[in-house]
Amino acid sequence: MTTVEVAVRVVLVGIGATWIMDLWTAFLKALGVPTLNYALVGRLIGHLRGGQLVHASIGKAAPIQGERLLGWAVHYAVGIAFAALLVICCGADWLHAPSWRAALGVGVATLVFPLFVMQPAMGAGIAGSRTPTPLKNALRSLATHVIFGGGLYISALLLARIWA
């Protein structure tokens with residue numbers, strides 16, 4: 001497999017896994033469960049340009065022009081980066097014969113990012129400790145990242161069958 005082919009497959013797997021995760025969050029939202037507003041991710045990233053890394057409450061921070069588009073772009077870029085992490089850990093052969101254990105392992109490992117980077121930076125505290133229901137929020141994040149891991153596996157499996 002060429003480097004270009006690996007890169008294309010990683011991008012497609014990352015997009016597919018992120019899209020599957022987005023289907024999950026759309027389902028939760030339809031049930032009335034609060035989900036992350038990616039405009040706030042864009043706002044957080046937008047404020048990084050000015051040097052502000054942490055907010056008391058990202059929802060109260062000044063809006064950034066184009067924050068919704070920026071947030072969604074970052075969301076998908078991170079999904080692609082996590083797919084690349086999986087391939088770096090398992091090797092490019094994983095793309096031909098994906099294992100669900102590796103995909104779920106990476107999905108769960110990526111939970112570190114929202115719990116210990118994003119939530120504190122957005123003002124929610126470590127693992128959502130400053131929210132009214134930190135345990136419920138952490139479990140929801142865990143479920144979402146397990147779904148992402150499943151999305152990595154499903155996307156790679158479909159791609160391996162299509163692109164043999």
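Tutor: We start with a term: Ala, Val, Leu, Ile, Met, Phe, Trp, Tyr, Cys and Pro count as nonpolar, Asp, Glu, Lys and Arg as charged, and the others, Gly among them, as polar. Keep in mind that this is a predicted model.

Student: How do the residues that line the second largest pocket divide into nonpolar, polar and charged?

Tutor: The lining consists of Asp-22, Thr-25, Ala-26, Lys-29, Thr-35, Leu-36, Asn-37, Tyr-38, Ala-39, Arg-68 and Trp-72. Asp, Lys and Arg belong to the charged class, while Ala, Leu, Tyr and Trp belong to the nonpolar one. The lining therefore divides into five nonpolar, three polar and three charged residues.

Student: Which helix gives the most to the lining of the second largest pocket?

Tutor: The space in this pocket is about 210 Å³. Helix 1, helix 2 and helix 3 each supply at least two lining residues. With four residues, the most comes from helix 1.

Student: How much space lies in the largest pocket?

Tutor: Rolling a probe the size of a water molecule over the atoms shows where empty space is left. For the largest pocket, that space is about 1100 Å³.

Student: Which element supplies the largest share of the lining of the largest pocket?

Tutor: The largest pocket, with about 1100 Å³ of space, is lined by 39 residues, and the closest to its centre are Thr-35, Leu-36, Pro-114, Gln-119 and Ser-141. Two or more lining residues come from each of helix 1 (3-30), helix 2 (38-48), helix 3 (67-90), helix 5 (112-122) and helix 6 (134-162). The lining divides into 18 nonpolar, 18 polar and three charged residues. The largest share, seven residues, is from helix 6.

Student: Is Thr-25 buried or exposed?

Tutor: Thr-25 lies in helix 1. Leaving aside neighbours within four places in sequence, Thr-25 is in contact with Thr-35 and Thr-144. Its relative accessibility is 15%, and the cut-off for buried is under 20%, so Thr-25 counts as buried.

Student: What class of aromatic pair do Tyr-38 and Trp-72 form?

Tutor: The whole structure holds five aromatic pairs. In the pair of Tyr-38 and Trp-72, the centres are 4.6 Å apart and the planes are at 55 degrees. Planes under 30 degrees apart count as stacked and those over 60 as edge-to-face, so this pair is classed as tilted.

Student: What is the phi of Ala-127?

Tutor: Helix 5 is followed by Gly-123, whose phi is positive, near 95 degrees. Ala-127 is in the loop between helix 5 and helix 6 and is partly exposed, with a relative accessible area of 21%. Ala-127 also has a positive phi, in a residue other than glycine, and the value is near 55 degrees.

Student: How far apart in space are Ala-160 and Val-117, C-alpha to C-alpha?

Tutor: Ala-160 is in helix 6 and is buried, with a relative accessible area of 14%. Leaving aside neighbours within four places in sequence, Ala-160 is in contact with Arg-9, Leu-95, His-96 and Pro-98. Val-117 is 43 residues from Ala-160 in sequence, and the distance in space is 33 Å.

Student: Over which ring does the charged end of Arg-9 sit?

Tutor: Arg-9 is one of the residues in contact with Ala-160. The charged end of Arg-9 is 4.5 Å from the centre of a ring, that of Trp-163.

Methods. Residues are numbered from 1 along each chain as its sequence is written. This is a predicted model: local features need pLDDT of at least 70, side-chain atom pairs count only at pLDDT 80 or more; totals for chains, interfaces and linings use all residues. Side-chain values use heavy atoms; hydrogens and water are left out. On a 1 Å grid over the protein atoms alone, a cavity is a set of points where a 1.4 Å probe fits but cannot get out, and a pocket is an open set with protein on both sides within 12 Å along at least five of seven lines; lining residues have an atom within 4 Å of a point. Grid points are joined across faces, edges and corners, and a volume is the space filled by probe spheres set on the points. Rings of Phe, Tyr and Trp (its six-membered ring) pair if their centres lie within 6.5 Å; planes under 30 degrees apart count as stacked, over 60 as edge-to-face and the rest as tilted. A charge sits over a ring if NZ of Lys or CZ of Arg is within 6 Å of the ring centre and within 35 degrees of the ring normal. Buried means under 20% relative accessible area, exposed over 50%, partly exposed in between (1.4 Å probe, protein chains only). Contact means heavy atoms within 4.5 Å.
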